[in-house]
Amino acid sequence: MDQKLEAIKSQYQTKIAEIKTDKELESLRIELFGRNGLINDLFSKIKEIPNENKKQYGADLNQLKTELEQSLLSQNVSKTEISKLEIRNSFFSLPKVGHLHPITQTERQLNEVFRKLGFSIYNSPEIVTDEFNFTRLNVPKNHPARDMQDSIYIKEPEYLLRTQTSAIEAYLLAQKNKDLPIRTAFPGSVFRNEKVNRSNHFIFHQYQAVVVDKNITIKDLVGTMDLMFKTLYGPDVIVRYRSKYYPEVAPGVGPDMQCFNCQGKGCPLCKYAGWIEMGGSGMIHPKVLEMAGIDPKVWSGFAFGMGLDRWTMAQKNIKDIRTLMGGNLAYKTNEL
Amino acid sequence: MKIIYSQLKKFLPDLHSDYKKLRDDLTMIGHFTNFFEEIDNEIVFDLDIKVNRGDCLGYYGLARDLSVFYNTKLISPFYQREMSEGQRDLDIKVTTDNVKRVMATKISDLKNNNSPQWLQTFLKCHNTNSINTIVDLTNYIMFLYGIPNHAFDTTKSGENLIWEMNSKFKEFTSLDGSKLNINNDILMINSPDKALSLSFWGGESCAINLDTTETIIEVAVYDRGTVRQNSRQLKSVTEASVRLEKDLDPELVPQAFNHLVNLILENCGGQISSQIFDYYPNKLKIPQIEFDPNKASLVSGIEIPNDFSLDCLTRLGSTIYNLKSKISVTPPSIRKDISIEADLIEEVVRFWGYQKIPTDQPLSFKKTTDITPKEIYLIESLKDQLTKFAYDEILSWPLVTTPTNEKTVITTENSINSEAIYLRQSLIPSLKQQLDQYERFKLPPTQFFEIAKIFYKEGDNFIEKNALGIYNYDSKQLIDDLQKLNLPNNIIDNNFAEIIIDDLPKPDKYIPENKNNNATELTSQIITLDANIILDSKEDPIELIEKYSQVIGPEILWKLIITDIYQDKKINKYRYTFQASYFNTDDKTAKKIHLQAFELE
């Protein structure tokens with residue numbers, strides 16, 4: 001630590017040790033950490049430090065601040081007095097509350113909707129075999145659909161990080177094929193071999209729902225999906241459903257939301273289409289059911305999924321996808 | 001893929017949709033159309049073609065789809081003109097099973113030249129450079145039918161062409177001069193002493209130029225897996241590879257071939273100087289699919305007339321058989337994506353229109369077995385508790401730069417993010433990184449947590465477990481919070497803790513009881529009463545509400561809220577004002593329970 005800072009630390013630790021009453025404690029707290037206190041003063045002088053020493057000085061100053069804070073709190077005055085100090089400090093602002101991550105908040109919102117419809121929440125491993133990520137989803141080896149997803153392999157070609165929440169569906173159908181009917185929803189992380197930058201990441205968050213029952217129809221699928229979109233985007237959202245290909249479903253259905261930026265007129269955000277693709281869905285392919293040991297002549301089902309990251313970013317006005325994962329995401333404190 | 005409106009109209013002369021409607025209709029039937037633009041007075045659409053619809057990587061396949069959708073006539077552009085063959089056999093050999101069909105012939109006495117304006121404009125709209133007439137016509141036919149083809153200058157290549165898996169050559173130079181290292185797994189067209197062409201990319205050694213006077217033209221369909229593998233192995237993607245790695249129709253090869261040869265003869269003169277070579281060892285087997293027309297209604301959930309289903313499949317080019325009250329359908333050979341009944345149903349529903357299916361009828365509640373794993377309830381509960389204790393949730397990268405334990409770390413094989421190739425074995429390094437980040441932003445002292453997977457190897461097995469990582473600037477508070485949550489005291493570096501959630505007991509108490517049992521029959525008016533309680537210290541309002549809710553009991557308590565918190569500074573006490581609402585009881589009983597619960601008697 002910088003010598004000057006070391007001296008300050010020593011000087012104030014002595015003062016802290018001599019504190020006898022909470023009044024003295026409070027007075028010293030203000031002297032050190034008040035708006036015009038010593039610590040803020042030292043931070044304001046950082047600009048005077050030569051460039052080559054600035055980084056070290058900043059780290060030392062942070063260390064001094066933390067150590068003095070801890071010394072203040074651990075000072076040997078009665079517990080009641082410390083408690084009073086903490087209460088008084090916080091009394092001028094609203095109590096501090098913790099926050100769920102925005103992705104978790106969105107997942108919770110959706111879990112609540114689906115639980116009300118009798119859905120269970122499910123999960124499965126993130127390291128998967130090629131069989132569960134592709135083959136059981138009707139994507140055999142060398143199928144061009146594999147190009148839709150660049151995989152991160154642990155041990156090519158057998159083990160990889162799951163590229164889609166449909167891999168959870170493959171596990172679910174295999175493990176619960178005797179527990180029919182099933183209604184499940186699952187949030188999950190998925191991985192793609194993408195360079196990390198402002199708009200791309202190797203990890204995404206998806207939300208998927210799967211139903212297997214008798215006489216399930218596309219009408220059930222689009223009605224339930226529409227409910228999900230209305231939950232997230234409000235009752236006025238306009239969604240259209242169209243033909244779309246995914247190997248694990250037939251027929252495949254693609255939901256598009258009318259562009260919220262241009263109300264369908266066409267703009268750069270929606271590439272002038274007026275619509276934004278919102279994910280994929282469809283009736284579970286008979287081969288997928290067969291591979292899971294479920295008779296497609298008796299049982300049918302639907303599956304749908306959507307990404308959560310873009311929606312969460314739009315909702316929180318986050319411009320850089322890296323912020324969501326270990327980046328600059330922080331929460332305002334003292335709100336209720 | 002780009003589509004020029006005027007070219008599409010050559011297949012569909014009765015097409016009258018305006019551009020915007022056509023764009024939307026194409027999208028609705030599965031060909032997502034991003035936008036249209038004007039290039040050299042032509043309207044050009046930009047489409048995303050589905051990976052299972054190789055047929056739509058050409059105008060012909062796409063026009064077939066639109067003719068069914070608009071119920072309009074499709075004009076076949078096929079040249080019916082007989083080609084007068086030469087006498088000589090071509091010396092062509094095919095030595096690999098990866099060739100499904102190839103047609104070829106030699107054309108001599110050509111006068112190659114620069115392409116006519118219409119052809120140059122066509123290619124410009126397809127983002128393809130014009131080279132010369134012969135080359136441009138091969139590309140034109142590829143865009144028209146979706147079937148790639150190739151022209152060899154025989155003065156450079158010779159006439160002795162061999163379709164083979166490469167065994168002789170180490171290097172191949174493509175038309176654009178790129179040098180590629182090739183091995184034995186590459187499907188090629190070679191002469192006995194020269195590497196001439198990949199299956200999906202022509203070679204420099206036999207390139208057509210303006211001086212070319214004789215050529216061998218070939219149109220071929222290959223095993224798509226081999227082309228895909230070759231393209232990936234050589235890291236080369238071309239317009240041809242994109243098409244050849246799809247399931248293309250070998251039955252379409254003669255039409256494309258005939259059209260190409262005739263266009264070359266028309267534009268460059270010359271004559272066919274060999275016999276037509278047609279290698280087609282295994283004729284395509286088209287499936288016969290049993291089809292119940294009622295299924296379109298049963299699967300869609302709306303009424304779709306059987307007549308429509310059968311008419312739609314017929315217009316698509318299918319042959320329909322009625323055999324002993326059962327209907328079977330043979331789809332057209334170009335539709336390689338149709339192989340089972342579900343595919344036929346999809347065709348019917350897509351042409352009937354998804355927009356006709358109501359969207360206001362979601363599934364209603366149905367009680368099914370709750371198969372939610374217990375750890376999910378535990379994780380949800382922990383997250384709720386931690387946020388109540390003022391911890392913020394963060395998420396961090398599961399791939400990290402440094403292993404925690406080199407012996408058990410799982411390493412990714414092909415991550416393009418070279419700085420992060422290990423799967424994390426602990427959440428603590430990520431939490432420390434987050435803390436650094438917060439300190440850089442001078443965030444006031446903070447406390448946060450992450451619940452996520454950690455990974456490690458155990459022998460040959462890959463293990464993953466749910467873990468909780470937690471940080472508090474106040475180490476004493478951290479210990480206290482862990483204690484309150486009944487979590488083990490796994491403190492690391494004073495202010496951090498890591499707990500493996502999967503190793504914790506998962507008591508059933510975390511599972512919410514009967515989630516749909518909120519309905520209540522009201523038998524009397526709701527009675528609302530206030531209560532002030534004085535406390536020596538500040539308490540968590542949520543804990544107080546939980547405490548008094550339990551004291552009063554759910555049989556009688558309708559709602560309990562705290563409406564006011566006041567600190568009396570003179571006596572240093574806190575006054576909490578509660579508002580309790582009681583149901584299905586009378587005034588007197590409610591008051592008695594109220595006074596007892598809040599100890600106001």
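Analyst: Let us begin with a term: a strand is a DSSP run of E with at least two residues, and strands are numbered from the N terminus. Pro251(A) lies in strand 8 of chain A, which covers residues 249-258. Please note that this is a predicted model.

User: What is the peptide bond from Ala250(A) to Pro251(A) called, and what is its omega?

Analyst: That bond is cis, with omega near -5 degrees. The peptide bond from Leu180(A) to Pro181(A) is cis too, with omega near 0 degrees. Pro181(A) is placed in the loop between helix 8 (166-175) and strand 5 (182-191) of chain A.

User: What makes Glu599(B) exposed?

Analyst: The cut-off is again 12 or fewer. Because Glu599(B) has 9 C-beta neighbours inside 10 Å, Glu599(B) counts as exposed. Glu599(B) lies in the segment after helix 17 of chain B, and phi of Glu599(B) is near 55 degrees, a positive value for a residue that is not glycine.

User: How do you know that strand 26 and strand 27 of chain B pair?

Analyst: Two strands pair if DSSP finds at least two bridges between them. Strand 26 and strand 27 (residues 573-582) of chain B have ten bridges, so they pair, in the antiparallel sense.

User: What makes strand 25 and strand 26 of chain B edge strands?

Analyst: The open sheet has three strands in the order 25-27-26, with antiparallel pairing. Strand 25 (527-535) and strand 26 (557-568) each pair on one side only, and are the edge strands. On average, neighbouring strands of this sheet are turned by 20 degrees against each other, direction ignored. Helix 16 (residues 541-552) of chain B packs on the sheet, where it touches strand 26 and strand 27.

User: Which residues does the contact between the chains take?

Analyst: It takes 78 residues from chain A and 84 residues from chain B. Helix 9 (residues 218-233) of chain A gives the most to the chain A side, with eight residues. That side divides into 41 nonpolar, 19 polar and 18 charged residues.

Notes: Residues are numbered from 1 along each chain as its sequence is written. Chains are lettered from A and ligands numbered from 1 in the order in which they are written. This is a predicted model: local features need pLDDT of at least 70, side-chain atom pairs count only at pLDDT 80 or more; totals for chains, interfaces and linings use all residues. Two residues are in contact if their C-beta atoms, placed from the backbone, lie within 7 Å. Helices (H or I, at least four residues) and strands (E, at least two) are DSSP runs, numbered from the N terminus. Ala, Val, Leu, Ile, Met, Phe, Trp, Tyr, Cys and Pro count as nonpolar, Asp, Glu, Lys and Arg as charged, and the others, Gly among them, as polar. Axes are lines fitted to C-alpha atoms, for helices over the stretch in contact, and angles run from 0 to 180 degrees between N-to-C directions. A residue is buried if 20 or more other C-beta atoms lie within 10 Å of its own, exposed if 12 or fewer, and partly exposed in between; C-beta atoms are placed from the backbone.
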